[in-house]
Amino acid sequence: MPEERIAPVEVLRITPESTVEAEDVLAVEEPLEIRVAEKPISVTMRTPGDDFDLAAGFLFTEALIRSGGDIDSIRHWGSPNVVRVSLAAGATIDSSKLDRHFYTTSSCGVCGKTSIDAVRVIRSSAPLPASRISRALVQRLPELLAEQQSAFHATGGLHGAAIFRPTGELLRIREDIGRHNAVDKAIGSLVREDPASLPGAILMVSSRASFEIVQKAIVAGIGTLAAVGAPSTLAVTAAREFGLRLLGFVRDARFNVYAGEVE
């Protein structure tokens, strides 16, 4: 496990019988500034690691770029907490979107957008690619995700996001203190390396299914979003409108279907 993701701290462990000095391990939380050329785009509170995937995923799921092909390079810029994205020749970003100021926290996602309309970045009403999924596979998803969450097992403080093929084959797993960052890291990795695998894929998250995560899945062309926790009303509305299969409370061999169908 990369040491940058976790850090030891001294604590007092208190029980009814004793008070003992001990060492605990916590998830690291630090700011990351994402720039496009010289323009600051976002500051997000994240767990260090997979920063380039996070930057690519954020730009893609916020509809600031159309595909990974719009990116020429990504690198750290003067600090491990700043990444600079250079656009490919001919690629542009809508200047009106650049006027939005993003601040992203590990708890609530993107905050401070200038209007309700700015929150909705879904670009197309085209239906998502259809893929069949069995109950048996859905019931296995939490276990498949948990098996790969090494930093969570060490700290208990990181969210996980895993992307699978409809067959159940694991494509990517990413962890972060922010649930939206974990999703951006997983999506961003595939946007950069294997974009053809995203349409119709399954996204499993260790968190609730907020509108923001549903929107990211839709923008990426993912066909199924499964969450350990509950969805929100707006998440369900968006999933039904755009044809995203939305599953909630996926745990203990049970789940609820909020949009779409499961065989």
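This is a predicted model: local features need pLDDT of at least 70, side-chain atom pairs count only at pLDDT 80 or more; totals for chains, interfaces and linings use all residues.
E169 counts as partly exposed because its relative accessibility is 43%, where partly exposed is the range between buried, under 20% relative accessible area, and exposed, over 50%, with a 1.4 Å probe and protein chains only. Its partner R165, at 31% relative accessibility, also counts as partly exposed, and E169 forms a salt bridge with R165 in which the closest N and O atoms are 3.0 Å apart; by salt bridge I mean a side-chain nitrogen of Lys or Arg within 4 Å of a carboxyl oxygen of Asp or Glu. Salt bridges that share partners also join D50, D53, R174 and R192 into one network.

Residues are numbered from 1 along each chain as its sequence is written, and side-chain values use heavy atoms, with hydrogens and water left out.

By the rule I gave, the count comes to 14 salt bridges, among them the one between R35 and E33, with the closest N and O atoms 2.4 Å apart, and R35, at 21% relative accessibility, counts as partly exposed. Another is between the side chains of E38 and R84, at 3.0 Å from N to O. This pair links distant parts of the chain, since E38 sits in the loop between β3 (30-36) and β4 (39-46) and R84 in strand β6 (residues 82-87), 46 residues apart; strands here are DSSP runs of E, at least two residues, and helices are runs of H or I, at least four, numbered from the N terminus. R84 is buried, with a relative accessible area of 13%.

Let me turn to E175, which lies in strand β10 (residues 170-176). Is E175 buried or exposed? At 6% relative accessibility, E175 counts as buried, and its side chain makes a polar contact with the side chain of R5 at 2.5 Å, a polar contact being a pair of N or O atoms within 3.5 Å, where within protein one must be able to donate a hydrogen and the other to accept it, and residues adjacent in sequence count only if both atoms are side-chain atoms.

Next, the nonpolar cores, each a set of buried Ala, Val, Leu, Ile, Met, Phe, Trp, Tyr and Cys residues joined through side-chain atoms within 4.5 Å. The largest has 50 residues, of which I163, I187, L203, V214 and L225 touch the most other members, and its largest share, seven residues, comes from helix α7 (residues 211-220). A second, separate core of 16 residues includes V138, L145, A162 and V262. Helix α7 itself is mostly covered, with 10 of its 10 residues buried, and α7 is followed by G221, whose phi is positive, near 80°.

Finally, helix α1 (residues 51-61) and helix α6 (residues 179-193) pack at an angle of about 90°, with their axes 6 Å apart, the axes being lines fitted to C-alpha atoms, for helices over the stretch in contact, and angles running from 0 to 180 degrees between N-to-C directions. That makes α1 roughly perpendicular to α6, a label for 65 to 115 degrees, whereas angles under 35 count as roughly parallel, over 145 as roughly antiparallel and the rest as oblique. The contact, meaning heavy atoms within 4.5 Å, includes F52, D53 and L54 of α1 and I187, G188 and R192 of α6.
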